[in-house]
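Let us read some features of a protein model together.

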Amino acid sequence: IDRTAEAELKIVQREASLDEGLIYGKFTAIANLKDIRVGDIVDYATTYHSQDKLWPGHFFGSFAARLSDPVGLRAVRIAWPVGYPLTYKTVNSDISFQKKREGNSQILEWVGKDVPEAAEEEKDVPDWFPQYGRVNISTMTTWGEVARWASRFYEGDDTLTPDFEKRLDDIAQRWPDPADRLTEVTRYVQDNIRYVGEEMGEGSYVPRRPKTVLQRGYGDCKDKSLLLAVALRKLGITATPALASTEIGLGLPDRLPSPIAFNHVVVRATLNGAFKWIDATARLRERDHLADRVGAEQQRGDPVPAE
């Protein structure tokens with residue numbers, strides 16, 4: 001029975017991560033079908049048309065190889081222009097795509113019949129390991145390509161507000177040691193710039209400029225990391241934002257190169273020839289370097305900075 005015509009779609013906006021300071025602007029379509037009874041089989045399909053000005057000519061995606069329920073038929077079809085690279089990689093799965101050409105499109109197809117449900121999840125397995133299996137799809141071929149794609153968004157106007165410039169001057173005058181400067185400016189950005197993520201459209205990947213973040217008094221991980229990196233460079237410390245993943249972890253090398261593999265941005269600073277990785281969104285953290293510095297000042301009889 002075709003219920004398509006009578007399926008009334010209701011569009012709602014649910015900000016499920018609002019309590020975490022994240023605003024995605026996503027919409028959910030809800031359709032309540034009439035006269036559906038226990039034992040009925042609902043057959044549905046979804047089609048995605050993707051066009052993004054952030055990465056023109058590229059596509060990235062992934063899907064679980066198995067589901068928690070048995071599936072009678074599952075089919076995936078990807079059509080992509082001939083002449084553009086498109087690769088896939090499976091992890092903990094034996095799925096294989098059939099490749100063919102139709103006109104000016106290259107086609108990847110996979111059809112799974114009577115796909116069994118995934119076995120019960122094993123306990124205490126790291127979150128990054130895909131127990132249900134995963135298929136990754138990407139048009140980028142190296143992680144260097146991802147880095148070059150992302151780095152351009154972090155270049156541009158590095159202007160700061162006069163008040164913040166004065167604060168940096170005060171830090172430079174009071175703390176000649178680069179390690180102390182790093183601690184002071186990191187503490188300020190972490191604890192005084194509120195974390196709010198407006199992850200809508202380009203806001204998911206393009207950071208706001210430092211002056212804008214300072215004027216608003218809030219920003220997400222990209223915004224705060226760029227601000228911190230710019231501030232550290234003005235204090236004579238080499239620093240740059242770095243893409244990171246808080247979910248994939250050690251499973252990242254098994255993924256195909258893709259911007260969507262990352263969900264976080266941190267700062268990599270160079271101090272005395274060693275890398276220091278700093279999360280600009282952390283707040284009110286105890287810092288080993290600060291503790292060491294306070295201890296040294298107490299031994300010298302110098303004033304201890306107020307906490």
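Predicted model: local features only at pLDDT ≥ 70, side-chain atom pairs only at ≥ 80, totals over all residues.

**Rings and surface**

Q: How many aromatic pairs does the structure hold?
A: There are 13 aromatic pairs. Take Phe-59 and Trp-80: their ring centres are 6.1 Å apart and their planes meet at 45°, so this pair is tilted.

Q: Where do Phe-59 and Trp-80 lie?
A: Phe-59 is in the loop between β3 and β4, and Trp-80 is in strand β5 (residues 71-81). The pair therefore ties together parts that are 21 residues apart in sequence.

Q: Is Trp-80 buried or exposed?
A: Buried means under 20% relative accessible area. Trp-80 has 13%, so Trp-80 is buried. Phe-59 has 23%, so Phe-59 is partly exposed.

Q: What is the geometry of the aromatic pair Trp-149 and Phe-153?
A: That pair is edge-to-face. The distance is 5.1 Å centre to centre, with 85° between the planes. Both Trp-149 and Phe-153 are buried.

Q: Which residue lies over the face of Phe-275?
A: Arg-268 does, at 4.0 Å from the ring centre.

Q: Which residues form a nonpolar patch on the surface?
A: Leu-33, Ile-36, Val-42 and Tyr-44 do. Together they have about 410 Å² of accessible area. Leu-33 sits in the loop between β3 (27-31) and β4 (60-64). Leu-33 is partly exposed, with a relative accessible area of 34%.

Conventions: Residues numbered from 1 in each chain as written. Heavy atoms only, no water. Patch = residues over 30% accessible without salt bridge, like charges linked within 9 Å, V, L, I, M, F, W, Y side chains within 5 Å. Areas by Shrake-Rupley, 256 points an atom, 1.4 Å probe, with all protein chains shown as cover. Salt bridge = Lys/Arg side-chain N within 4 Å of Asp/Glu carboxyl O. Helix = DSSP H or I, 4+ residues; strand = E, 2+ residues; numbered from the N terminus. Buried < 20%, exposed > 50% of the residue type's maximum accessible area, 1.4 Å probe, protein only. Phe/Tyr/Trp six-rings, centres within 6.5 Å; stacked < 30°, edge-to-face > 60°. Lys NZ or Arg CZ within 6 Å of the ring centre and 35° of its normal.
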